[in-house]
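Take a moment to look over the sequence and the structure shown below.

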Amino acid sequence: MRFFIAASISFSLFLFSESHAQITPQSISKNNIHSLQNLREEILKTNVPQKKLSINTSTAATKKSPALAMLLSVILPGAGHYYIGRMDVGKYFFGADVASWLGYLSLNTYGNDVNDDAVTYSVQHAKVANTGNKNDDYFANVGNYNNVYEYNNQQLLTGQYGSLYNVNDYYWDWDNINNRNIYEAQRKSSERILNTRIVFGSLLIANRIIAGISAYLLTNKDTSKKTSLNIEPELLYKKDLTFDGLKINLSRNF
């Protein structure tokens, strides 16, 4: 038994001495460095891509509708050009529309003001009452006849019995002929001013037609050009493969 224990201890010491003799600090250091270098080279050989998690998203430009662009321009000149991104052209149609509306509304306001002045003058010098429920024909007759009696007599002579006025409701009687002429001049001036609105009204219509055609043609021209927007995220790594940041690449093809 003692012999067996002694033999075992001797054999263990022999193995320990052999192992100790083969593994030295220098060999450990060299082996570890060599192993790390080999590991790094093997990883680099795999060629880990810089864009391993990249996402390439291509979005084609949305095609605009020529019919919709034309409709928008007919409703509001310049709106169709704004829809297709061509306000460099649409601004002129929009400006022309604004100018036409300003001209139309200005004439409308001015003409009505002149007419109101004429009606007020008739109340003062011809004793016209209840002006709110009288039509344009009545005020034209006020300027053509000295009083309601003269007007009714003329209608009787010509057989226009349906055109007779009720004296109590449609009374007027000018104080003198000169004031009647002043009133009639104001009334006719108001008519001329209001009739001039047709010029700006025609411009409003023509501008819409031309703007619609322009938007339609420009839409067909622009949509024939294919454009795309590329969005490409990129993960960045250092040489030791540690994460170094994120970069977004944007590009547009024409």
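This is a predicted model: local features need pLDDT of at least 70, side-chain atom pairs count only at pLDDT 80 or more; totals for chains, interfaces and linings use all residues.

A residue is called buried when its relative accessible area is under 20%. With that cut-off in hand, turn to helix H6, which spans residues 136-144 and whose buried residues are Tyr-138, Phe-139, Ala-140, Asn-141, Val-142 and Gly-143. The cover over these buried residues includes helix H5 (87-126), helix H7 (148-157) and helix H8 (177-195). At the N-terminal end of H6 sits a cap, Asn-135, which has a side-chain oxygen 3.3 Å from the backbone nitrogen of Asp-137.

The mean pLDDT of the protein is 79, while 63% of the residues reach 70 or more. Over residues 1-23 pLDDT stays under 50, and the model has two contacts beyond four places in sequence for them. Residues 50-60 also have pLDDT that stays under 50, although for these the model has 25 contacts beyond four places in sequence.

Seen as a whole, the protein has nine helices and three strands, and from the N terminus on these elements follow the order α-α-β-α-α-α-α-α-α-α-β-β. The protein has 254 residues, of which 25% count as buried. Among the contacts with a separation of 6 or more, 65% are between residues 24 or more positions apart.

Which residues have the most contacts inside the largest nonpolar core? This core has 15 residues, and those with the most contacts inside it are Val-128, Tyr-138, Val-142, Trp-172, Trp-174 and Tyr-183. H5, H6 and H7 each supply at least two residues of the core, and the largest share, four residues, comes from H5. Val-142, one of the buried residues of H6, is in contact with Ser-122, Val-128, Trp-172, Trp-174, Arg-180 and Tyr-183, once its neighbours within four places in sequence are left aside.

A last stop is Ser-73, which is found in helix H3, residues 66-75. Is Ser-73 buried or exposed? Ser-73 counts as buried because its relative accessible area is 0%. Apart from neighbours within four places in sequence, Ser-73 is in contact with Gly-78, Gly-80, His-81, Arg-208, Ala-211, Gly-212 and Ala-215.

Notes:
Residues are numbered from 1 along each chain as its sequence is written. Side-chain values use heavy atoms; hydrogens and water are left out. Buried means under 20% relative accessible area, exposed over 50%, partly exposed in between (1.4 Å probe, protein chains only). Contact means heavy atoms within 4.5 Å. A polar contact is a pair of N or O atoms within 3.5 Å; within protein, one must be able to donate a hydrogen and the other to accept it, and residues adjacent in sequence count only if both atoms are side-chain atoms. A nonpolar core is a set of buried Ala, Val, Leu, Ile, Met, Phe, Trp, Tyr and Cys residues joined through side-chain atoms within 4.5 Å. pLDDT is the predictor's confidence in each residue, from 0 to 100.
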